[in-house]
Amino acid sequence: MKAQLWDTLNFITKLRPRRLWNAALVTASYYRSKWSGRPVQWGLPMTISFEPTTACNLRCPECPSGLRAFTRPTGNLREDFFRHTIDNLSKHLLCLIFYFQGEPYINPGFLEMVQYAHRRGIYTITSTNGHFLSEENARKTIESGLDRLIISVDGATQATYESYRKEGRLEVVLQGARNVVKWKRQLRSRTPHIVFQFLVVQPNEHEIPDIYRLARAIGVDEVKLKTAQIYDYAQGNPLIPTIERYARYARMPDGSYRIKNKLLNHCWKLWHSCVITWDGVVVPCCFDKDATHRLGSLRDVTFQGIWQGAAYRQFRTQLLRGRRHIDICTNCTEGCKVWEKA
């Protein structure tokens with residue numbers, strides 16, 4: 001609880017009058033759009049996901065990076081482009097997520113970019129598969145000022161872990177977490193807030209209690225149980241958990257499956273956040289993994305021009321009229337996420 005309280009207080013220290021005013025504008029415009037059925041967008045996004053790279057060392061079966069299945073260009077985010085974009089948006093941003101697809105630590109300039117955002121007082125988050133948290137990278141991670149580090153640990157034994165994290169090595173991940181905890185203590189730093197994220201699928205659901213024990217033993221601050229997005233779910237899938245509360249999909253009497261949650265015709269993400277790919281394409285959210293809904297490119301137009309532009313207005317209008325007609329929305333549900341102290 002102490003670690004969670006400090007993380008909350010740390011986030012509060014990032015608040016500034018301009019950021020709070022922008023958040024109020026964004027929230028007001030979202031509710032006005034929701035109630036009127038017509039898109040209104042005031043302010044700039046409160047949260048941005050920036051993609052450091054599309055490359056990944058693993059081959060997870062439900063991930064485009066792991067499957068090497070992108071049709072869009074692949075590559076690494078350039079530091080000069082990142083700095084220019086953040087200089088433009090930092091006064092309004094509450095949170096910067098250094099993740100979309102790929103493994104962030106593969107980009108050699110990743111931690112320098114984290115440090116750049118940190119110096120501008122932005123709360124920073126990344127998600128990693130944990131294979132690159134060497135002693136050196138662990139120390140640099142602490143020194144970068146990163147606020148939250150999410151480490152994917154989808155099994156408590158190697159056999160279970162590699163059933164989803166193909167070509168991954170659990171002990172490397174656990175040692176990486178130990179390295180970060182060690183350097184966090186050695187440098188007397190309260191950041192980053194370290195999270196073990198456990199993607200619950202049928203092959204690993206029996207190890208949920210074990211992941212809490214591992215987290216406590218290592219000194220991780222929090223454990224997050226996350227439901228899995230599965231693409232081919234309609235006729236069942238061996239990844240769908242048998243523990244119903246951890247499944248995004250409900251089994252029907254005829255044996256088929258459907259998404260549990262209703263697709264309501266509004267979406268907070270479309271008003272308060274967006275995703276920027278490594279090469280500067282702005283897409284609506286993290287469900288557009290292959291960047292099929294391109295709302296503009298920062299190589300051609302300013303961010304403000306894209307955010308208030310015709311493509312964004314059209315997408316928000318379409319969403320308010322019916323999410324079931326937008327392909328990336330039809331498999332979108334946050335399902336059940338459980339956060340607990342390690």
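Colleague: Is Glu 136 buried, partly exposed or exposed?
Modeller: Glu 136 has a relative accessible area of 43%, so it is partly exposed. Buried means under 20%, exposed means over 50%, and partly exposed is in between, with a 1.4 Å probe and protein chains only. This is a predicted model, so local features need pLDDT of at least 70 and side-chain atom pairs count only at pLDDT 80 or more, while totals for chains, interfaces and linings use all residues. Residues are numbered from 1 along each chain as its sequence is written, and side-chain values use heavy atoms, leaving out hydrogens and water.

Colleague: Thanks! And which residue forms a salt bridge with Glu 136?
Modeller: That would be Lys 140, with the closest N and O atoms 3.0 Å apart. A salt bridge here is a side-chain nitrogen of Lys or Arg within 4 Å of a carboxyl oxygen of Asp or Glu. Lys 140 is also partly exposed, at 31%.

Colleague: Why are Lys 140 and Glu 136 separated by about one helical turn?
Modeller: Because they are 4 residues apart in helix α6. Helices (H or I, at least four residues) and strands (E, at least two) are DSSP runs, numbered from the N terminus.

Colleague: How many salt bridges are there by this rule?
Modeller: The count comes to 14. One of them joins Arg 213 to Asp 210, with 2.1 Å between the closest N and O atoms. These two sit 3 residues apart in helix α9 (residues 208-218), so about one helical turn separates them. Arg 213 is partly exposed at 46%, and Asp 210 is partly exposed too, at 26%.

Colleague: Which pair links distant parts of the chain?
Modeller: Look at Glu 135 and Lys 182, whose side chains meet in a salt bridge of 3.1 Å, N to O. Glu 135 belongs to helix α6 (residues 135-144) and Lys 182 to helix α8, 47 residues apart. Glu 135 has 33% relative accessible area, and Lys 182 has 36%.

Colleague: Now the inside. Which residues touch the most other members of the largest nonpolar core?
Modeller: This core has 92 residues, and the ones touching the most other members are Ile 48, Phe 50, Phe 82, Leu 96, Ile 151, Phe 196 and Phe 303. Helix α8 (residues 170-186) gives the most to this core, with 7 residues. By nonpolar core I mean a set of buried Ala, Val, Leu, Ile, Met, Phe, Trp, Tyr and Cys residues joined through side-chain atoms within 4.5 Å.

Colleague: What is Ile 151 in contact with?
Modeller: Leaving aside neighbours within four places in sequence, its partners include Leu 133, Val 173, Ala 177 and Phe 196. Contact means heavy atoms within 4.5 Å.

Colleague: And which way does Ile 151 point from β4?
Modeller: Ile 151 and Leu 149 point one way, while Arg 148, Ile 150 and Ser 152 point the other way. Strand β4 (residues 148-152) is mostly covered, with 5 of its 5 residues buried.

Colleague: Do β3 and β4 pair in the parallel or antiparallel sense?
Modeller: Parallel, over 4 bridges, with β3 covering residues 123-128. Two strands pair if DSSP finds at least two bridges between them. Arg 148 in β4 is the bridge partner of Ile 125.

Colleague: Switching topic: what does Asn 10 touch?
Modeller: Not counting residues up to four places away in sequence, Asn 10 touches Tyr 123, Asp 147 and Thr 191. Asn 10 is in helix α1 and is buried, at 8%. Its C-alpha atom is 8.2 Å from that of Tyr 123, 113 residues apart along the chain.

Colleague: You mentioned Thr 191. Is the peptide bond from Thr 191 to Pro 192 cis or trans?
Modeller: It is cis, with omega near 0°. Pro 192 lies in the loop between α8 and β5 (193-200).

Colleague: What about the phi of Arg 188?
Modeller: Arg 188 has a positive phi of about 55° although it is not a glycine. Arg 188 is found in the loop between α8 and β5, and it is exposed, at 79%. Glu 167, in the loop between α7 (158-164) and α8, has a positive phi near 70°.
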